[in-house]
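Please read the following report beside the sequence and the model.

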Amino acid sequence: MNSNVLKYLFFIACFVFWLFLALFSSKLIVDNVTSGHHYSNAVFSLTYLKNSGAAFSLLENAREFLIIVSIVATTFLCLYVHNNKGIHLVATSFIALLCAGIMANCHERIVLGYVRDYIHLNFMNFPVFNMADIFITIGVIALIGILLVYKK
């Protein structure tokens with residue numbers, strides 16, 4: 001099988017796995033928190049919030065704009081994977097993680113009209129976030145690291 005086909009299959013498999021994990025965890029946690037089950041420890045607690053903006057509640061009530069930006073960003077990332085024949089599988093997996101995080105939040109904006117945030121850090125003053133936000137953060141940091149290490 002062609003290496004590009006394998007790269008695409010790997011990208012799609014990673015993307016689907018991470019997207020499912022983000023959406024499933026969001027539904028599971030929010031359903032449990034809203035039904036009265038609470039969890040808290042020294043590091044984090046589960047606190048449900050409806051976020052109609054982006055990170056740190058920026059662009060509050062700009063739902064359509066955020067949906068368009070999400071779709072455009074994911075399209076460009078997919079085209080980047082497609083157009084770079086020599087892209088390493090590690091970079092491909094982090095791009096899939098980033099795309100899954102973006103699209104999980106986009107899916108919630110389209111279906112629910114807001115993003116469900118539920119992780120609150122107890123040891124510092126930081127906005128409540130969700131699993132998709134973690135995927136986006138890890139994906140961006142990893143890709144910056146990869147670009148710095150493999151800079152040509």
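**Basis.** This is a predicted model, in which local features need pLDDT of at least 70 and side-chain atom pairs count only at pLDDT 80 or more, while totals for chains, interfaces and linings use all residues. Residues are numbered from 1 along each chain as its sequence is written, and side-chain values use heavy atoms, with hydrogens and water left out.

**Overall fold.** The chain holds 4 helices and 2 strands, taken as DSSP runs (helices H or I, at least four residues; strands E, at least two) numbered from the N terminus. Their order from the N terminus is α-β-α-α-β-α. Of the 152 residues, 38% count as buried; buried means under 20% relative accessible area and exposed over 50%, with a 1.4 Å probe and protein chains only. Of the contacts (heavy atoms within 4.5 Å) between residues at least 6 apart in sequence, 70% join residues at least 24 apart.

| Property | Value |
|---|---|
| C-alpha trace along principal axes | about 50 × 35 × 30 Å |
| C-alpha distance, Phe11 to Leu97 | 9.2 Å |
| Volume of the largest cavity | about 40 Å³ |

**Helix α4.** The 19 residues of α4 (residues 131-149) should span 27 Å at 1.5 Å a residue, and the end C-alpha atoms are 27 Å apart, which agrees; the expected span is 1.5 Å times one less than the number of residues. Ala132, Phe135, Gly139, Ala142 and Leu143 are buried in α4. Seen down the axis, the buried residues of α4 fall within an arc of 100°, so they line one face of the helix; the arc is taken from the directions from the helix axis to the C-beta atoms. These buried residues pack against α1 (3-34) and α3 (89-111). Ile141, Leu148 and Val149, on the other side of α4, are exposed. At the start of α4, a side-chain oxygen of Asn130 comes to within 3.1 Å of the backbone nitrogen of Ala132.

**Phe11.** This residue is found in helix α1. Phe11 counts as buried because its relative accessibility is 8%. Beyond its neighbours within four places in sequence, Phe11 is in contact with Cys78, Val81, Thr92, Ile95, Ala96 and Cys99.

**Cavity.** A cavity is a set of points on a 1 Å grid over the protein atoms alone where a 1.4 Å probe fits but cannot get out, and lining residues have an atom within 4 Å of a point. The count comes to 1 cavity of 30 Å³ or more. Residues lining the largest cavity include Ala22, Ala104, Tyr118, Asn130 and Ala132. The elements that give two or more residues to this lining are α1, α3, β2 (115-121) and α4.

Terms used
Polar contact = N/O pair within 3.5 Å; in protein donor to acceptor, adjacent residues only side chain to side chain. 1 Å grid on protein atoms, 1.4 Å probe; cavity = no way out; pocket = protein on both sides within 12 Å on 5 of 7 lines; lining within 4 Å. Points joined across faces, edges and corners; volume = space filled by probe spheres on them.
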